[in-house]
Amino acid sequence: MSKTILVTGPDLDPSAAQLVADHGYETVHTPAYADSAVISEFLQKTRAEGIVSRMGRLDAGVMDTAPQLRVISKHGVGVDNIDIQAAADRGIPVLVATGANAISVAEHAIALLLATAKRILPLDAGLRAGRWEKPGFSGHEIAGSTLGLIGMGAIAQATGRMAKGLGLRLVGYDPYAPDSVFDELGVTRCSTVEEMLPQSNFVSLHCPLTDQTRGLLNAASIAQMPEGAYVINTARGGLIDEPALVAAIRSGHLAGAGLDTFASEPPAADHPFFDVPEIVLTPHIGGVTRQAGARVGVDAVRGIFQILGGQPVAPERIINRKLLAAAQAEPATMEK
């Protein structure tokens, strides 16, 4: 039997790597952002039983090259790079590290909000270029403004707690979260995105990328936001219609955006975002802190060994648990 865990991307935190070694396994790493063919080659070569998914897509074709594969564990919570239905069809649970990087990503969301609203980057650039732009400058006070949270998971909740400390009022939308989540944080619950957007001076995205949420912020929905509003995205780039966002900022309807994610990563050198100074950009590193890396890595690895050892895993960590149950029930139904 294989004693290998494949990691699609960079090294794990030393604490996670030690946990792998303690179980008598070794890690093998693919190059960063390896394509499906490369990942398949590594799976065939290593006969890995588990994957820690960091970068690169895991689709049905990849899984079919690895009949020995028993579990996929995401190094984080976003699984849009994993075909969770294909995994369920093959009896492979897909795990997520729920909440492990919430604080770090929330801090980054707030940092983007402040950097964008306070015009930190263009002011810094102007000063370095010899300009003293204080005369005529008029800044933006965020206290008393409204922050709209789309999605109310662990990251959104952490973001909301920090935002309240800055004096922001909170509204939110999440059709799956219980009322208690909104009540405990003092978030006004909206029944639709359309209800939330017109009252949000800042909109922060914290929902997964699915067929239903792709392009959630588009020309029509952005038009519902107040003039001078801002967009913050530390979730997934595909949630935003990128040309529509650029058009809204250039027209003056939106004042700016702070983005840690892109529809395609890394973005092309000629991506239009690079020509819009009102957009603050970072390379999808919101959760990349030493502290979060340790928690996420350990959670991801521990989940793999729980599955391999037949131990229970918290249901909320198995992102395709309902699909797995349906796939397992289907043969029984057919036999009748």
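In which strand does Thr146 lie? Thr146 belongs to strand β6, where helices (H or I, at least four residues) and strands (E, at least two) are DSSP runs numbered from the N terminus. The structure is a predicted model, in which local features need pLDDT of at least 70 and side-chain atom pairs count only at pLDDT 80 or more, while totals for chains, interfaces and linings use all residues. Residues are numbered from 1 along each chain as its sequence is written, and side-chain values use heavy atoms, with hydrogens and water left out.

Thr146 counts as buried because its relative accessibility is 7%; buried means under 20% relative accessible area, exposed over 50%, and partly exposed in between, as computed with a 1.4 Å probe on protein chains only. The side chain of Thr146 makes a polar contact with the side chain of Arg169 at 3.3 Å. A polar contact is a pair of N or O atoms within 3.5 Å; within protein, one must be able to donate a hydrogen and the other to accept it, and residues adjacent in sequence count only if both atoms are side-chain atoms. When neighbours within four places in sequence are left aside, Thr146 is in contact (heavy atoms within 4.5 Å) with Leu168, Arg169, Val171, Gln199, Ser200, Asn201 and Phe202.

Strand β6 (146-150) is also among the elements that cover the buried residues of helix α7, together with α5, β7 (169-173), α8 (179-185) and β9 (202-205). These buried residues of α7 are Ile155, Ala156, Ala158, Thr159, Gly160 and Ala163. The expected span of a helix is 1.5 Å times one less than its number of residues, so the 12 residues of α7 (residues 154-165) should span 16 Å, which agrees with the 17 Å that separates the end C-alpha atoms. After α7 comes Gly167, which has a positive phi near 90°.

The largest nonpolar core contains 32 residues, and those with the most contacts inside it are Ile150, Leu205, Leu245 and Leu254. Each of β7, α9 (193-196), β9, β10 (229-233), α11 (242-250) and β11 supplies at least two residues of this core, and the largest share, 5 residues, comes from α11. Apart from it lies another core, of 22 residues, among them Ile110, Leu170, Val187 and Val280. Here a nonpolar core is a set of buried Ala, Val, Leu, Ile, Met, Phe, Trp, Tyr and Cys residues joined through side-chain atoms within 4.5 Å. In soluble globular proteins, nonpolar side chains tend to be buried together. Not counting residues up to four places away in sequence, Ile150 touches several residues, including Tyr173, Val193, Met196, Leu205 and Leu216.

The buried residues of α2 are Ile39, Ser40, Phe42, Leu43 and Thr46. Seen down the axis of α2, these residues fall within an arc of 160°, so they line one face of the helix, the arc being that of the directions from the helix axis to the C-beta atoms. On the other side of α2, Ala37 and Lys45 are exposed. The cover over the buried residues of α2 includes β1 (4-8), β2 (26-29), β3 and α3 (60-64). At the start of this helix, a side-chain oxygen of Asp35 reaches to within 3.2 Å of the backbone nitrogen of Ala37.

Some backbone angles deserve mention. Most residues other than glycine have a negative phi, and most peptide bonds are trans. Arg119, found in the loop between α5 (102-117) and α6 (120-128), has a positive phi near 60° and, at 29% relative accessibility, counts as partly exposed. The peptide bond from Glu265 to Pro266 is cis, with omega near -10°, and Pro266 lies in the loop between β11 (254-259) and β12 (279-281).

In strand β4 (residues 71-74), Ile72 is buried, with a relative accessible area of 0%. Leaving aside neighbours within four places in sequence, Ile72 is in contact with residues including Ile51, Leu58, Met63, Ile82 and Ile92.
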